[in-house]
Amino acid sequence: MIKQLQLRITLQEERQEDILIKKASQALHVKMEDISAVKVLRKSIDARKKTIILNYKVEVFINEQPAENSEYKFDYKDVSDAKPIHIIGFGPAGMWAALRCIELGFKPIVLERGKNVQDRRRDLKAINQDHFVNEDSNYCFGEGGAGTYSDGKLYTRSLKRGDVRKIFENLVFHGATDQILVDAHPHIGTNKLPKVVKNIRETILKFGGEIHFETRVADFNIKNKTIKSLTLQNGNEIDVQKVILATGHSARDIYYLLNDKNIKLQAKSFAMGVRVEHPQQIIDGIQYHCKGEQRDELLPAASYSLVNQINDRGVYSFCMCPGGFIVPAATANGEVVVNGMSPSKRNNEFANSGIVVEINAEKDLYKYEQYGELKGLEFQKDLERLAFTAGGRTQTAPAQRLTDFVEGKLSVNLNPTSYQPGLNSAPMHSLLPKLIGSSLRKGFKAFGEKMHGYYTSEANIIGVESRTSSPVNIPRNEHLAHPEITNLFPCGEGGGYAGGIISAAMDGERCAEAACI
């Protein structure tokens, strides 16, 4: 017999041996010795009250053994001689599009502008230490996409877009810890994700797919509303039948290319703001009610999720990284962009999160109407150039103490930071456009009322957090193809159809299914 239960356990009880079996036997009124196994399906923390509760969803096996293997099977077969599907980009959308092509009996041929995960490391070092951005290999571009070296958070609300569990099981199949199947907010970690990405690459190659790194697509050669071939940056031309476009939200050259060819695009609302960085101990103290004390060893570094409406405009936290680092995420020299990441143990001394403001493409960007559907992209670029100038014209980022920003005064000095290229004190309160700066100031005050201790001079704000999502949508029809280009399948974050690793992976699978028909 198998029963599912919800169990609530205190931290004190969590220390007891066989606590889940004890709790299950009490709830089901059976003897402990009759319980063969307890399988944890989901685990979350409820820290709203002083007594912290661990919530478990479990499967209890009574006089019955659980199955040893997952119900998901990844039985890939050789597709070396199969029909090709060309995939531009090898982030989550491109990776799972390639895997799904193999499952469906088609040969994926991946064209990735960046380098493999190992070779990317040298270029990331160059950004952090030498302030030089390789425009094809950075925190956004390269094998695995932006998530590979900027966190690997797996939480998604896109539960109706595809089989979320299958994506998680596939990550475990390729080397991720099976803890991601259990945690309410699963996370692989920047230090572990590259190995998983490498294993996925090896699976695709093993079963007959092709992956070409340092291969940037420069042009689409279109005839009769169909892409006939692709021109690469080196001048070579390759014939194609179906093309999945999975280039991510920072591949601006693709948007310009499509726009120059008068291929339909749509301006899309997005969000921009700053990164805020606190000592992790402050966030732990607020969330776990342990001010002045170290958090309990059974608890992970605390996170938070905040949202407020300011003058009918959303201000909210984005990509919160407990025990993490802030990293330089620019994709070109002459701009400063910041993002956040955490290692798997989330054991750094700082907590950081994007705090961003909704930008309505129709109402807010009237000064950029001359750029048509690319107006949001140009607005993004202007703020990133401004951050570059305010930071000192290197990858040093402009920053301000949180309280000084809200009070409108320049910071005489700044707090310690995890941001390796360094910080430069700048008047962010006057540099940011009013629609962002004013909303952020009111938002930070409101967040301080929700989380007492959050609004503090011990926190820095660092600019700019500008790549939350694409400011451009590449439209597609009910068959997931572009309405004007019959064999082009816009996909993932770059197309405007995803907002993270898991949703992008699911969209990659869907586009592969559409392309393989």
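Visitor: How much space lies in the second largest pocket?

Guide: First, the ground rules: this is a predicted model, so local features need pLDDT of at least 70 and side-chain atom pairs count only at pLDDT 80 or more, while totals for chains, interfaces and linings use all residues. Residues are numbered from 1 along each chain as its sequence is written, and side-chain values use heavy atoms, with hydrogens and water left out. On a 1 Å grid over the protein atoms alone, a pocket is an open set of points with protein on both sides within 12 Å along at least five of seven lines, and a cavity is a set where a 1.4 Å probe fits but cannot get out. Points are joined across faces, edges and corners, and the volume is the space filled by probe spheres set on them; for the second largest pocket that comes to about 560 Å³.

Visitor: Which element gives the largest share of the lining of that second largest pocket?

Guide: Lining residues have an atom within 4 Å of a point, and this pocket has 17 of them, with Lys 39, Asn 69, Ser 70, Arg 165 and Glu 169 nearest its centre. Helices (H or I, at least four residues) and strands (E, at least two) are DSSP runs numbered from the N terminus. E2, strand E3 (53–62) and helix H5 (164–173) each supply at least two lining residues. The largest share, three residues, comes from E2.

Visitor: Why is helix H8 said to be largely enclosed, and what do its buried residues pack against?

Guide: Buried means under 20% relative accessible area, exposed over 50%, and partly exposed in between (1.4 Å probe, protein chains only). Seven of the nine residues of H8 (280–288) are buried, so the rest of the structure largely encloses this helix. Those buried residues pack, with contact meaning heavy atoms within 4.5 Å, against strand E2 (35–46), strand E12 (270–279) and strand E17 (350–359).

Visitor: How many disulfides are there?

Guide: A disulfide is a pair of cysteine sulfur atoms within 2.5 Å. The sulfur of Cys 140 is too far for a bond, because the closest cysteine sulfur, in Cys 319, is 11 Å away. Cys 516 is in no disulfide either, with the sulfur of Cys 101 nearest at 3.9 Å. By this rule the count is zero.

Visitor: Which residues make side-chain polar contacts with Ser 229?

Guide: Ser 229 sits in strand E8 (226–232) and is buried, with a relative accessible area of 2%. A polar contact is a pair of N or O atoms within 3.5 Å; within protein, one must be able to donate a hydrogen and the other to accept it, and residues adjacent in sequence count only if both atoms are side-chain atoms. Two such contacts, each of 2.8 Å, join the Ser 229 side chain to those of Asn 221 and Glu 237.

Visitor: Which side chain does Asp 123 join in a polar contact?

Guide: Asp 123 lies in helix H4 (117–130) and is buried, at 11% relative accessible area. Not counting residues up to four places away in sequence, Asp 123 touches Lys 115, Phe 132, Asn 134 and Ser 137. The polar contact of 3.0 Å is with the side chain of Lys 115.
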